[in-house]
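Please read the following note alongside the sequence and the model. The points are numbered so that each can be checked in turn.

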Amino acid sequence: MLHFLFRPAVIPAWSAVLIALLLAIFPAAALDSAVRGLSIWWQVLFPALFPFFVISELLLGFGIVHFFGTMLDPFMRPLFRLPGIGGFVVTMGFASGYPVGARLTSQLWEQRLITRAEGERLVAFTTSSDPIFLIGAVAVGFFHNAALAPILAAAHYGGAMMIGFMMRYHDRHSRGSTDAEAWRPPSDRGSSLRSNRRKSPRLIEAVKAMHQARLLDGRPLGTLFQDAIQASLRLMIVVGGLVVFFSVLMELLTQAGTISALSAGIGTVMTLLGLPASLSNAVVNGLFEVTLGAKAAGAAIGSGLMHQTAIAAFILSWGGLSVHAQIASLLSRTDLRYRPFLIARFIHGCIASALVYLLWRLLGPVG
């Protein structure tokens with residue numbers, strides 16, 4: 001019987017039944033948590049993410065991405081086994097935070113500008129916290145210590161770059177988009193013989209690639225802007241729904257005592273690893289939702305600031321299942337697999353925590 005219940009095809013069914021029962025048992029708590037999740041989405045996530053989603057759609061339509069692709073190809077290919085167009089995703093992903101990197105990656109895949117292996121490499125290390133959240137919310141808001149910003153940033157973004165280097169070996173026998181010339185404008189494909197005879201300066205090639213991409217898109221400015229807003233609104237609704245769902249789920253699990261049980265188990269493991277068990281609540285909350293986890297890490301006074309920072313770095317890099325669900329929803333429209341992303345997130349969290357301990361004397365707050 002137990003073997004049947006834990007089959008992958010059956011787990012979602014009985015999990016949904018359990019959630020429905022908890023909703024019936026704790027309706028007031030579920031309503032309050034849903035309102036909190038909706039408030040977070042409307043007051044924080046919508047104004048923070050919606051403009052970036054619209055801008056990314058416009059940049060694709062204008063061909064700016066192709067400009068970046070041509071300019072950055074000599075650097076991205078040897079470092080990360082990615083076409084130069086991935087440099088645009090790295091920049092936007094690091095600056096805007098999750099899930100912008102995954103959104104751009106899925107768009108590039110839909111336009112056949114990257115292969116599946118390249119998309120999986122790209123989304124694995126461009127899914128990160130944005131600097132405003134890392135510095136303003138975590139370092140200043142949760143820890144009340146702006147001096148933690150340098151070490152948190154070094155651990156988080158340094159770990160992301162390490163993941164990028166490691167992911168270059170992911171699916172290493174696959175054919176790259178540069179080999180297939182998939183990301184180049186059609187007018188430039190098959191022009192390798194001409195380019196061998198006379199190669200234009202890279203800046204001119206980049207401008208030509210941008211112009212060709214704009215001509216291929218062909219949409220008037222008004223239509224392009226309207227399409228960008230509609231696509232971004234659809235994505236924001238999905239993000240909002242996931243935030244509300246995980247807010248309710250966390251509250252239901254807390255009311256049922258599941259969070260306390262998980263916290264006790266993780267506390268035992270942390271004690272064996274020489275870490276303060278008092279941070280187990282932060283880890284449990286961070287497994288589900290990054291904001292709750294980082295806030296709990298900052299509130300665990302007496303656990304040691306270095307340990308608190310290491311746990312916060314892990315949580316920021318892991319992202320929480322709420323972010324994972326957003327990424328999975330974006331990848332579901334492509335052939336990109338979720339498993340490489342999941343593994344990369346866990347490794348990124350471990351690397352970020354280790355970097356905090358390694359860099360503490362150099363970048364940690366004095367005194």
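How many residues does helix 13 have, and what distance does it reach from its first C-alpha to its last?

1. Helix 13, residues 221–255, has 35 residues and reaches 51 Å from its first C-alpha to its last, which is close to the 51 Å expected at 1.5 Å a residue (the expected span is 1.5 Å times one less than the number of residues). Helices here are DSSP runs of H or I with at least four residues, numbered from the N terminus. Helix 13 is followed by glycine 257, whose phi is positive, near 85°.

2. A word on the basis of this note: this is a predicted model, in which local features need pLDDT of at least 70 and side-chain atom pairs count only at pLDDT 80 or more, while totals for chains, interfaces and linings use all residues. Residues are numbered from 1 along each chain as its sequence is written, and side-chain values use heavy atoms, with hydrogens and water left out.

3. Arginine 81, in the loop between helix 4 (64–80) and helix 5, has a positive phi of about 55° although it is not a glycine, and because its relative accessibility is 18%, it counts as buried (under 20% relative accessible area, with exposed over 50% and partly exposed in between, for a 1.4 Å probe and protein chains only). Arginine 112, in the loop between helix 6 and helix 7 (116–126), also has a positive phi, near 60°, but at 49% relative accessibility arginine 112 counts as partly exposed.

4. The peptide bond from tyrosine 98 to proline 99 is cis, with omega near 0°, and proline 99 is placed in the loop between helix 5 (85–96) and helix 6 (100–110).

5. Helix 15 (residues 280–288) and helix 18 (residues 320–331) pack at an angle of about 15°, with their axes 2 Å apart; axes are lines fitted to C-alpha atoms over the stretch in contact, and angles run from 0 to 180 degrees between N-to-C directions. Helix 15 is therefore roughly parallel to helix 18, a label for angles under 35 degrees. The contact (heavy atoms within 4.5 Å) is made by Gly286, Leu287 and Phe288 of helix 15 and Gly320, Leu321 and Ser322 of helix 18.

Note on methods. Angles under 35 degrees count as roughly parallel, over 145 as roughly antiparallel, 65 to 115 as roughly perpendicular and the rest as oblique.
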